[in-house]
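Hello,

Here is the structure I promised to hand over. Please open it first, then read my notes below.

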Amino acid sequence: QRETVVTYLDLLIAERRADIARTLGPRLILITATLLAALAVAVLISVVLSRRIAKPIIAMEKSLRDIASGTGDLTGRLAIESQDEIGKTSAAFNDFAEKLAAILASVRDATTHLSDIGGNLAANLVDFAAPVGDEPVAGLQLFGLSGKIHDLDRIGPEIAALRVRRF
C-alpha cells in the first residue's frame, strides 16, 4: 500500500508538472517577447533622444569654432532655434559678442582720438619751439622736451597702425 500511495503521488506530481509546463510555457514565451520588445523600444527612444539632444550641441560647437577661427570678426552669431538650455546659451553668447564688439569699437575710437591728439601735440611742440630760439630743438631743450618730439615721431607710425587695425 505504501508503494501504491507513493506511486500515486508521483503520478499526481508528474501531472501537475505537465499542467504547469503547458500553462506556463506560452506565458513565459509571451513575457520574454514582451520584455525584448520593451527593451528594443527603450533603445530606440534613447538613440532618438540622444541624437536630438546632441544635434544642437554639435551645431553650437561648430558655430563657435567658426567664429573663433575667424579674423576676430564679431559679427557672427549663433542661431537660436529653441528656448531650451541650448537656445538660452546661444542667446547669452550673442549678447556677449554684441557687448564685446561695442567695447572694441570704443577702444578703436579712443585709439583714433589718441592718435589725432598725438599728431596735434607733435605739430604744436614744433610750432611752439621754433619762436624760442634759432633752432626748434633749442626751444624744446629749454623746456626739457628735447627727446619727446623724437619719441612722438617714433611712436606715430605705431599709433597710425592701431588706427587702421580692425578689432
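Of the 167 residues in the protein chain, 11% count as buried. Keep in mind that this is a predicted model. The chain exposes about 13300 Å². Carbon and sulfur atoms supply 64% of that area.

The fold is quick to describe. The protein chain has 4 helices and 0 strands. Along the sequence the pattern reads α-α-α-α. Now the contacts with a separation of 6 or more: 46% of them come from residues 24 or more positions apart.

Two or more lining residues come from each of α1 (2–68) and α2 (85–129). Helix α1 gives the most, with 5 residues. Sorted by class, the lining of this pocket holds 7 nonpolar, 4 polar and 3 charged residues.

Last, the aromatics. How many aromatic pairs does a search of the whole structure find? The search returns 1. The ring centres of F93 and F96 lie 6.4 Å apart, and their planes meet at 50 degrees. That angle falls between the 30 and 60 degree cut-offs, so the pair counts as tilted. Both residues sit in helix α2, 3 residues apart, so about one helical turn separates F93 from F96. F96 has a relative accessible area of 49%, which means that F96 is partly exposed.

Over to you.

Best wishes

Conventions:
Residues are numbered from 1 along each chain as its sequence is written. This is a predicted model: local features need pLDDT of at least 70, side-chain atom pairs count only at pLDDT 80 or more; totals for chains, interfaces and linings use all residues. Side-chain values use heavy atoms; hydrogens and water are left out. Ala, Val, Leu, Ile, Met, Phe, Trp, Tyr, Cys and Pro count as nonpolar, Asp, Glu, Lys and Arg as charged, and the others, Gly among them, as polar. Rings of Phe, Tyr and Trp (its six-membered ring) pair if their centres lie within 6.5 Å; planes under 30 degrees apart count as stacked, over 60 as edge-to-face and the rest as tilted. Buried means under 20% relative accessible area, exposed over 50%, partly exposed in between (1.4 Å probe, protein chains only). Contact means heavy atoms within 4.5 Å. Accessible areas come from the Shrake-Rupley method with a 1.4 Å probe; for residues, only the protein chains shown count as cover.
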